[in-house]
Amino acid sequence: MKVNTMKELSTELGQVPLVVLTRPQMGENIGAAARAMLNFGLEHMRLVAPRDGWPNPAATAMASGASVVLDHAGVFGDVGAAVADCDYVYATTARSRGLVKPVLTPETAMAEARAMIAAGKRVAVLFGPERAGLENDDVAHANAIITVPVNPGFYSLNLAQCVLLTAYEWMRQGTDVPGMRLDLAGTDLASAIELEKLGDHFEEKLEAANFFHPPEKAPFMKMNLRNMLGRWGMTRSEAQTLHGILRQLVRGRS
């Protein structure tokens, strides 16, 4: 297993955090972490004393297309060497370590990381080995701690899961994806005039069926009908379908 030097890895530095896996035990977890990283735009992995050496065929198999992350992963003998060129380091742990450090959620940490990287700082996130997580000596290299808010009765996260949660927050902080969208499947939303005509059609057929009864409640019932039609976010195709349904119902009664 070849251990990298900082000079050899000088070309890896980019506008994203480094992911440092500390003494990872299983190649499968390294591969799954690489896959989670690439899903959310992180490509720079560093490994500290991987148990089964490096490279690891099990990691490549599990990466499922994210081998670009593994191909350029740096390998170091200890945490100090792995983060020596970093300006700010986060350590991920769910347990109190008796060390005085700020504790952040992944959301807050990644927002902070984006600001530091934009200012030209180099940021790394430490992840611990699968069995027991980071040790105090590892956390001592960090400036702050990231703790995922999980069930306090069962706070153990798989290594790749923890990487994924942090990477997701990194990408989410830098995108403007709306919380909800309507996929229109090749059609457009119905216009105001189209909805008005559909409302007229409904009122016409419902009047003929004596639906608006008693008469004193008719204005309120019609208002509710128009409100429903406008609230649905109907497409032009859906409005045309409802016109067709109304026409067919009338034919069926004649």
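# Briefing: a pocket, a cavity and a sheet

The largest pocket in this structure is lined by 23 residues, and Ala94, Gly133, Tyr155, Ser156 and Leu157 lie nearest its centre. The model is predicted: local features need pLDDT of at least 70, side-chain atom pairs count only at pLDDT 80 or more, and totals for chains, interfaces and linings use all residues. Residues are numbered from 1 along each chain as its sequence is written, and side-chain values use heavy atoms, leaving out hydrogens and water.

**Pocket and cavity**

- The largest pocket has a volume of about 390 Å³. On a 1 Å grid over the protein atoms alone, a pocket is an open set of points with protein on both sides within 12 Å along at least five of seven lines, a cavity is a set where a 1.4 Å probe fits but cannot get out, and lining residues have an atom within 4 Å of a point.
- The lining of that pocket divides into 12 nonpolar, 7 polar and 4 charged residues (Ala, Val, Leu, Ile, Met, Phe, Trp, Tyr, Cys and Pro count as nonpolar, Asp, Glu, Lys and Arg as charged, the others, Gly among them, as polar).
- Searching the whole structure turns up 1 cavity of 30 Å³ or more.
- The largest cavity has a volume of about 40 Å³ (the space filled by probe spheres set on grid points, which are joined across faces, edges and corners).
- Around the largest cavity you can find Pro17, Val19, Leu42, Met110, Val125, Phe127, Val163, Thr166 and Ala167.
- By class, this cavity lining has 8 nonpolar residues, 1 polar residue and no charged ones.
- Helix 7 (159-173) and strand 6 (123-127) each supply at least two residues of the cavity lining (helices, H or I with at least four residues, and strands, E with at least two, are DSSP runs numbered from the N terminus).
- The largest share of the cavity lining, 3 residues, comes from helix 7.

- Look for an open sheet of 7 strands in the order 3-2-1-6-4-7-5, with parallel pairing (strands pair if DSSP finds at least two bridges between them).
- Strand 3 (74-76) and strand 5 (103-104) are the edge strands, as each pairs on one side only.
- Strand 1 (residues 18-22) and strand 6 run parallel and are joined by 4 bridges.
- In strand 6, Ala124 stands opposite Leu18.

**Helices on the sheet**

- Helix 1 (residues 27-39) lies across strand 1 and strand 2 (45-48), and runs at about 155° to strand 2 (axes are lines fitted to C-alpha atoms, for helices over the stretch in contact, and angles run from 0 to 180 degrees between N-to-C directions).
- The axes of helix 1 and helix 7 come within 8 Å and cross at roughly 10°.
- Where these two helices meet, helix 1 brings residues including Ala32, Ala36 and Met37, and helix 7 brings residues including Val163, Leu164 and Ala167 (contact means heavy atoms within 4.5 Å).
- The residues of this helix contact are 10 nonpolar, 2 polar and no charged.

**Backbone details to spot**

- Most residues other than glycine have a negative phi, and most peptide bonds are trans.
- Trp54 and Pro55 are linked by a cis peptide bond with omega near 5°, and Pro55 lies in the loop between strand 2 and helix 2 (57-63).
- His213 and Pro214 are also joined by a cis peptide bond, with omega about 0°. Pro214 sits in the loop between helix 8 (192-208) and helix 9 (218-231).
- Arg23 is not a glycine, yet has a positive phi of about 50°; look for Arg23 in the loop between strand 1 and helix 1.
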